[in-house]
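Trainee: I am new to this structure and would like to learn how to read it. Please take me through it feature by feature.

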Amino acid sequence: MECNTGQLELFDIQTEFPHPAPEQVALVEEKVLQIAHAYNLRVHRVKWKDNRRVMASVGRNGDLNLHIMYQRADEDDLKSLIKVVMGRQSGLDRKRFEKFIEEHLPREYGEGPSRLVILPPKGLFHDLNAALEKVLPLLDEPLERMPLVGWSPVRVGRRGITWGTHRDTPEGPLLLVNAILDSHDVPAWVVEHIVWHELCHQAIPPVNGNNGRRLIHSRIFREFESRFPRLKDAEQWEEKNVAHLIRRHLRNRRRR
Ligand SMILES: [Zn+2]
């Protein structure tokens, strides 16, 4: 079930994970080199890789190749990483290193052509499990099956952007939120609204309209959705900011 709220004409279709702003990436690179030098690791620059298997490697030319998810790492995570790279890690470093990967490595979900790549719920700025916990009390009764939540890669299509999706899979309900919303300037209540909207799809199935069409956003659905306290604020925010979010995403991608 896809809900395209932002209608914006764009030329290309992109599927990818968001990356922090270039300035933020530059700061991480600086930090990495500082830490590396403090531990006497001789590297001259950081190169970002999107390889699934290798998290970090040192090239002969002094490049430190890092997986792009380390653009999201804090100082302690970077320290543990460098120590692991150098084989000087304590048990705690190893644990921290593994936990970071566990929390940030994209996962594949499902099988065959419908396979999805999703990011774990704990994002850079927003935690989808926390958002889910926040909106669950708005339901009358507990769900039969709790949805698995995660971030979906940013997709910008001709018809605009899909904020979130809810679907049934053999493994259970899957609720995904567009990772374009995992940003410092997106309010938590906007993320919570998208989670709530998609959760409403699980609680309120589509009804048959007069002309035999399936109504996904029926009147009952809309009434139910309006239990969300800041519904109007959230919808207005989404409408007002969709173009800006898309433009910024495309700009950051070009400057990578
Ligand atoms: Zn919807």
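Trainee: What share of the contacts with a separation of 6 or more comes from residues 24 or more positions apart?

Mentor: Two residues are in contact if their C-beta atoms, placed from the backbone, lie within 7 Å. In this protein, 63% of the contacts with a separation of 6 or more are between residues 24 or more positions apart. This is a predicted model, in which local features need pLDDT of at least 70 and side-chain atom pairs count only at pLDDT 80 or more, while totals for chains, interfaces and linings use all residues. Residues are numbered from 1 along each chain as its sequence is written.

Trainee: What is the mean pLDDT of the protein?

Mentor: The term pLDDT stands for the predictor's confidence in each residue, from 0 to 100. The mean here is 84, and 85% of the residues reach 70 or more. Residues 4-15 have pLDDT below 50; in the model this stretch makes 28 contacts beyond near neighbours in sequence.

Trainee: How many helices and strands does the protein have?

Mentor: Helices (H or I, at least four residues) and strands (E, at least two) are DSSP runs, numbered from the N terminus. The protein has 7 helices and 13 strands.

Trainee: What percentage of the residues count as buried?

Mentor: A residue is buried if 20 or more other C-beta atoms lie within 10 Å of its own, exposed if 12 or fewer, and partly exposed in between, with C-beta atoms placed from the backbone. By that count, 29% of the 256 residues are buried.

Trainee: Which residues of the largest nonpolar core touch the most other members?

Mentor: A nonpolar core is a set of buried Ala, Val, Leu, Ile, Met, Phe, Trp, Tyr and Cys residues joined through C-beta atoms within 7 Å. The largest one has 28 residues, and Trp151, Val177, Leu181, Val191, Ile194 and Val195 touch the most other members. Elements giving two or more residues to this core include β8 (148-152), β11 (172-178) and α5 (188-203). Helix α5 provides the largest share, 7 residues. A second, separate core has 14 residues, among them Val46, Met69, Phe97 and Phe100.

Trainee: How do β8 and β11 run, parallel or antiparallel?

Mentor: Strands of a sheet pair through backbone hydrogen bonds, either parallel or antiparallel. Two strands count as paired if DSSP finds at least two bridges between them. Strands β8 and β11 run parallel and are joined by 5 bridges. Within this pair, Trp151 stands opposite Val177. Of the 5 residues in β8, 4 are buried. Apart from neighbours within four places in sequence, the contacts of Val177 include Trp151, Val191, Ile194 and Val195.

Trainee: In what order do the strands of the open sheet with 3 strands lie?

Mentor: The order is β3-β5-β4, with mixed pairing. Strands β3 (45-49) and β4 (56-58) are at the edges, each pairing on one side only. Strands β4 and β5 (residues 63-67) run antiparallel and share 3 bridges. Here the bridge partner of Val58 is Leu64 in β5.

Trainee: At what angle do the axes of α4 and α5 cross?

Mentor: Two packed helices are described by the angle between their axes and the distance between the axes. Axes are lines fitted to C-alpha atoms, for helices over the stretch in contact, and angles run from 0 to 180 degrees between N-to-C directions. The axes of α4 and α5 cross at roughly 65° and come within 9 Å. Residues making the contact include Leu128 and Leu132 of α4 and Val195 and Leu199 of α5.

Trainee: Why does Asn40 count as exposed?

Mentor: Asn40 is exposed because 8 other C-beta atoms lie within 10 Å. Asn40 is in the loop between α1 (22-38) and β3. Most residues other than glycine have a negative phi. Asn40 is not a glycine, yet its phi is positive, about 60°.
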